[in-house]
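Trainee: Before I use the terms for this structure, I would like to know what stands behind them.
Mentor: Then ask about them one at a time.

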Amino acid sequence: MAVSFLNREVSDLCLGKPPLKPIPAEATVSEALTALKKYGETHVSVWSCDHTRKVVEEGEGGDSVCRCIGKICMVDVICFLCKEENLADPSKALQTPVKQILPKGNSIVRHLDPNSSLLEAIDYILEGAQNLVIPIQNYSSTPSRKKLLSKASSLRPTNHNGVEYCWLMQEDIVRFLLNSIGVFSPMPTFSIESLNIINHDMMTVSYHDPAISSLDTIIRAYIEQSSVAVVDEDNRLIGEISPFTLAYCDETVAAAIATLSAGDLMTYIDYGGPPEDLIELVKMRLQDKKLGAMVELIDEEFSLSSSSSSASSCSSDDESASSKVTVLGRYSSARRSEAITCYPWSSLVAVMIQALAHRANSIWVMDAEHNLIGVVTFKGILEVFRSIANAKRKPERENNTSKQ
């Protein structure tokens, strides 16, 4: 039964999913920022569309005219602005084409047919994909739909040759599995230690270390969908710097990373927005480093958020006001920097519930003395479910071999 469940079509997971908010690959980082704030999304999809080519259906001898080639998240923008030359001239950096800051190498975004199995989706994630792009609607089936699409395309550019897409993330698949967890009994009741999914290769930074020293680690945590543990002198867990939390911040957090300690950065990005004294400390240290342009960006961002909030409260019909998301509004959607923990004897299902309830893509594992010993991620959890199919295929292969 468990194996047949894993062969269900991924379209079952797309019900109720909103269409992607796209930007073209030629867009600038500044335009990507505008889209993130306008849509209130943690990330937007980046598309390469060549409408001069003949449309050929995928799987029938050609490539699709429109392809999602990546995604842009506030984490990408923050890490990009943290580079020394970009801190010195953020305005110039924001005019960089967005395709230049997409992660290189293996794509973290993969297209997947809606008839593909859940097992195939899990395989893509285990290969490194963060988001799976799935077609959800086809508006080109009737002339009336085509006419409607043409009229609306300039207002909501979410269609590509009459098709809208959504995407599935690791969290979506884990939640779907949890909703039918009884199918996999008794495996979900096993401890995470017995299932061998505790990763002991943790990413850590000392509480008093400069936050900028952990920049490469933050980037790695973002790619691996994990977090960076903030520890004290005795290597005890204090909190975390989570890419999921950074995704709800604004671009000026780059200045905080460049000037604050890891401990102060946790406070800066925590739920509710940065304290006024830390904002002033960041600005003072930027001035000391002759980074006045970044100070101006901070002042502009916070003054814009304040005026936008006032304008929105005065007129709900003002599109320019309603399209802006205030800084504090974005921060209030984030999860606190307090680390979520479990123990080696915690059951798999308990850790799944804990992660989904706190919207944490990684759970820190503590021993009986409350020492940090490892981390469990969504990817590690999905490996367990993938192993069920592998276990089913092993006796089948052995039977085939014996018959030969």
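The questions below take up some terms used for this predicted model.

Trainee: Why is N131 called buried?
Mentor: Buried means under 20% relative accessible area. N131 has 0% relative accessibility, so N131 counts as buried.

Trainee: Where is N131 found, and which residues does N131 touch?
Mentor: N131 lies in strand 5, residues 131-138. Leaving out residues up to four places away in sequence, N131 touches H43, K71, I108, V109, R110, W167, L168 and M169. A touch here is a contact, with heavy atoms within 4.5 Å.

Trainee: What makes the buried residues of helix 9 line one face of the helix?
Mentor: In helix 9, residues 215-224, the buried residues are L215, I218, A221 and Y222. Seen down the axis of helix 9, they fall within an arc of 120 degrees, so they line one face.

Trainee: What do the buried residues of helix 9 pack against?
Mentor: They pack against strand 3 (66-73), helix 3 (74-81), strand 9, strand 10 and helix 10 (243-246). Helix 9 itself is followed by Q225, whose phi is positive, near 55 degrees.

Trainee: Why do strand 9 and strand 10 count as paired?
Mentor: Pairing needs at least two bridges between two strands. Four bridges join strand 9 (residues 228-231) to strand 10, and these strands run antiparallel. Within this part of the model, V228 stands opposite I241 in strand 10.

Trainee: What makes strand 8 and strand 10 edge strands?
Mentor: The open sheet has three strands in the order 8-9-10, with mixed pairing. Strand 8 (204-206) and strand 10 (237-241) each pair on one side only, and they are the edge strands. Neighbouring strands of this sheet are turned by 30 degrees against each other on average, direction ignored. Helix 12, residues 262-269, packs on the sheet and touches strand 8, strand 9 and strand 10. The direction of helix 12 makes about 60 degrees with that of strand 10.

Trainee: How do helix 2 and helix 3 cross, and which residues meet there?
Mentor: The axes of helix 2 (residues 29-39) and helix 3 come within 10 Å and cross at roughly 140 degrees. The crossing is left-handed. V29, L33, L36 and K37 in helix 2 meet M74, V77 and F80 in helix 3.

Trainee: How many residues of each class are in the contact of helix 2 with helix 3?
Mentor: That contact has six nonpolar residues, no polar ones and one charged residue. Lys counts as charged, and K37 of helix 2 is among the residues that meet helix 3.

Key
Residues are numbered from 1 along each chain as its sequence is written. This is a predicted model: local features need pLDDT of at least 70, side-chain atom pairs count only at pLDDT 80 or more; totals for chains, interfaces and linings use all residues. Side-chain values use heavy atoms; hydrogens and water are left out. Helices (H or I, at least four residues) and strands (E, at least two) are DSSP runs, numbered from the N terminus. Axes are lines fitted to C-alpha atoms, for helices over the stretch in contact, and angles run from 0 to 180 degrees between N-to-C directions. Buried means under 20% relative accessible area, exposed over 50%, partly exposed in between (1.4 Å probe, protein chains only). The arc is that of the directions from the helix axis to the C-beta atoms. A crossing is left-handed if the near helix is turned anticlockwise from the far one by less than a right angle, and right-handed if clockwise.
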